[in-house]
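Subject: Structure for you to look at

Hello,

Here is the structure I promised to pass on. Please open it and keep it in view while you read.

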Amino acid sequence: MALQEWNIEEIEPKILQYYEQMMRRFIQDRELVPEDQFVEVRYENLVSRPIEEIARVYDVLGLGGWENAAPKIAEYAARHARHAKNKFTLNEADDARVREHWGFSLAHWGYARPHNAPT
C-alpha cells in the first residue's frame, strides 16, 4: 500500500533495507522497554495454542478482563482453526538476498532455514 507511485524495481530493495534497519534498531533498543510493557509472541505458538498464548500476553502485560475476553477469543480461534496458511517457496537468489539482509534477525529469534528453502 502506498500513497504515491513506486518504481516496481525499487520495492524489493527498499523492503529488505527498511526491515533490516527496523529490526537492528529494535534488537538494540529492546532492553529499554519495561518488561511489563512488552511481550514477544512466536507465530508458531500463537497458531498451535492460541488461547494459552493470548492468556500469557494478558498475564505478562497485566491486562484485566481475561475472564470476559477468553470465551470470545476461544470462539474466534475455533472458527479459524481450519484456516489454511499460504505456502511460499523462495528461489535460491531470493533466499540468499533475504538471508543477507535479515539473517541476523532470523538467528536472533532462533528461526532455522525453512524445510522448503534451497540449500
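This is a predicted model: local features need pLDDT of at least 70, side-chain atom pairs count only at pLDDT 80 or more; totals for chains, interfaces and linings use all residues.

**Overall fold**

The protein has five helices and zero strands. Along the sequence the pattern reads α-α-α-α-α.

**Size and packing**

The C-alpha trace spans about 50 × 40 × 35 Å along its principal axes. The radius of gyration is 18 Å, whereas a compact globule of 119 residues would have one near 14 Å. Buried residues make up 15% of the 119. Buried here means under 20% relative accessible area.

Now take the contacts between residues at least 6 apart in sequence. Of these, 49% join residues at least 24 apart.

The accessible surface comes to about 9700 Å². Carbon and sulfur atoms account for 56% of that surface.

**The second largest pocket**

How much space lies in the second largest pocket? The value is about 380 Å³.

Which residues line the second largest pocket? They are Y43, L46, V47, P50, I54, I73, Y76, A77, H80, A81, H83 and K85.

By class, the lining has nine nonpolar residues, two polar ones and one charged one. Lysine counts as charged and histidine as polar, so K85 is the charged residue and H80 and H83 are the polar pair.

Best wishes

Key: Residues are numbered from 1 along each chain as its sequence is written. Side-chain values use heavy atoms; hydrogens and water are left out. On a 1 Å grid over the protein atoms alone, a cavity is a set of points where a 1.4 Å probe fits but cannot get out, and a pocket is an open set with protein on both sides within 12 Å along at least five of seven lines; lining residues have an atom within 4 Å of a point. Grid points are joined across faces, edges and corners, and a volume is the space filled by probe spheres set on the points. Helices (H or I, at least four residues) and strands (E, at least two) are DSSP runs, numbered from the N terminus. The radius of gyration is taken over C-alpha atoms; the globule rule is 2.2 Å times the number of residues to the power 0.38. Buried means under 20% relative accessible area, exposed over 50%, partly exposed in between (1.4 Å probe, protein chains only). Contact means heavy atoms within 4.5 Å. Accessible areas come from the Shrake-Rupley method with a 1.4 Å probe; for residues, only the protein chains shown count as cover.
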